[in-house]
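Have the model open while you read.

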Amino acid sequence: MSVVQMMKTEPSVDETKVTKEEDFQPTFLDLTGVSIEFPTKKGAFKALDNVNLKIAKGEFISIIGHSGCGKSTVLNIVAGLYKATTGGVILNGKEVDEPGPDRAVVFQNHSLLPWLTCYQNVEIAVKAIFKKKKTKREMKEWIEHNLHLVHMDHAMHKYPAEISGGMKQRVGIARALAMEPTVLLMDEPFGALDALTRAHLQDSVMEIQSDLNNTVIMITHDVDEAVLLSDKIVMMTNGPAASVGEILKVELERPRNRLELANDPQYNKYRAEVLKFLYERQRRPQE
Ligand SMILES: Nc1ncnc2c1ncn2[C@@H]1O[C@H](COP(=O)(O)OP(=O)(O)OP(=O)(O)O)[C@@H](O)[C@H]1O
Ligand SMILES: [Mg+2]
């Protein structure tokens, strides 16, 4: 079996590289023929064209692609915030047509309620989900536990205006994790963080995901992050009318250790494969 296994959604699929066991994993989250047009002053703008993606339960998927290609739009459609113009999303046998507590979103631009403290921002989500399942004390412990995971214990009673952008992003991650979502949708969650905090949070997310087996879709611009965290890397073509270009299956054993992987030839092959897609096959004219 080749190290790098590519699956293309185009008809020109290279059968020898398609992983066969893939076919036996039941689909949990299914995007079929998703296209979207946004109305603009100059007429309809087709951002996505025929996006197809089958995701199994517990899979960690990264979406990578150049700025503006449509990554956030895909995530917003799965979140139920945008409606596809054609095609649709099925989650666990049910069509997604609105947001729901089974899908927690960490937005690209942190989205805390400014009139609530960090603690209260997490609390509002926890109360909505666990009101009947946890006692007041359990809820308090759960909120503090999740804020602790992202190293925000010291500032949990501050307001969003009193903390940095990276700290706001961390509270957003804590809020999403605290919801124990079936599907965790993260739009460049670690982009605004310093390298050390980012590494720490990546490790936490990997641990939590392996404990809870949630299905994760994460958008990233960071090739190392994509390879380290993902089971599959979905590489999008450039927009307009962007689609799935290639899907790279990352078959590195878990748990993964970033230091050990740094010199791992297989890890570096995956990394090179993503870089080649971005900077050769999807190179933009201005580059
Ligand atoms: N509500 C909207 N109305 C009109 N056009 C939109 C809307 N949302 C997104 N677009 C357009 O759709 C395209 C894809 O946008 P999207 O935000 O999904 O890109 P992205 O891949 O997430 O980019 P980045 O990496 O910069 O975050 C862009 O050309 C954008 O201008
Ligand atoms: Mg985006």
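**Around ligand 1**

Ligand 1 has 14 residues around it, and the closest are Ser 67, Gly 68, Lys 71, Ser 72 and Thr 73. Keep in mind that this is a predicted model. Let's look at the ligand's surroundings, then move on to a pocket.

*Backbone contacts*

- Gly 68 has a backbone N or O atom 2.7 Å from an oxygen atom of ligand 1.
- For Gly 70, a backbone N or O atom sits 2.9 Å from an oxygen atom of the ligand.

*Cover and shell*

- On its own, ligand 1 has 640 Å² of accessible area, and the protein covers 67% of that.
- Two or more residues of the shell come from each of β3 (43–56) and α1 (71–79).
- The largest share, 3 residues, is from α1.
- Sorted by class, the shell has 7 polar, 5 nonpolar and 2 charged residues.

**The second largest pocket**

- This pocket has a volume of about 370 Å³.
- It is lined by 18 residues, and those closest to its centre are Val 105, Phe 107, Ala 125, Arg 175 and Met 179.
- β7 (103–106), α2 (118–130) and α4 (165–178) are the elements that each give two or more residues to the lining.
- Which element gives the largest share of the lining? That's α2, with 5 residues.
- The lining splits into 13 nonpolar, 3 polar and 2 charged residues.

Methods: Residues numbered from 1 in each chain as written. Chains lettered and ligands numbered in written order. Predicted model: local features only at pLDDT ≥ 70, side-chain atom pairs only at ≥ 80, totals over all residues. Heavy atoms only, no water. 1 Å grid on protein atoms, 1.4 Å probe; cavity = no way out; pocket = protein on both sides within 12 Å on 5 of 7 lines; lining within 4 Å. Points joined across faces, edges and corners; volume = space filled by probe spheres on them. Helix = DSSP H or I, 4+ residues; strand = E, 2+ residues; numbered from the N terminus. Nonpolar A, V, L, I, M, F, W, Y, C, P; charged D, E, K, R; others polar. Near = heavy atom within 4 Å. Polar contact = N/O pair within 3.5 Å; in protein donor to acceptor, adjacent residues only side chain to side chain. Areas by Shrake-Rupley, 256 points an atom, 1.4 Å probe, with all protein chains shown as cover.
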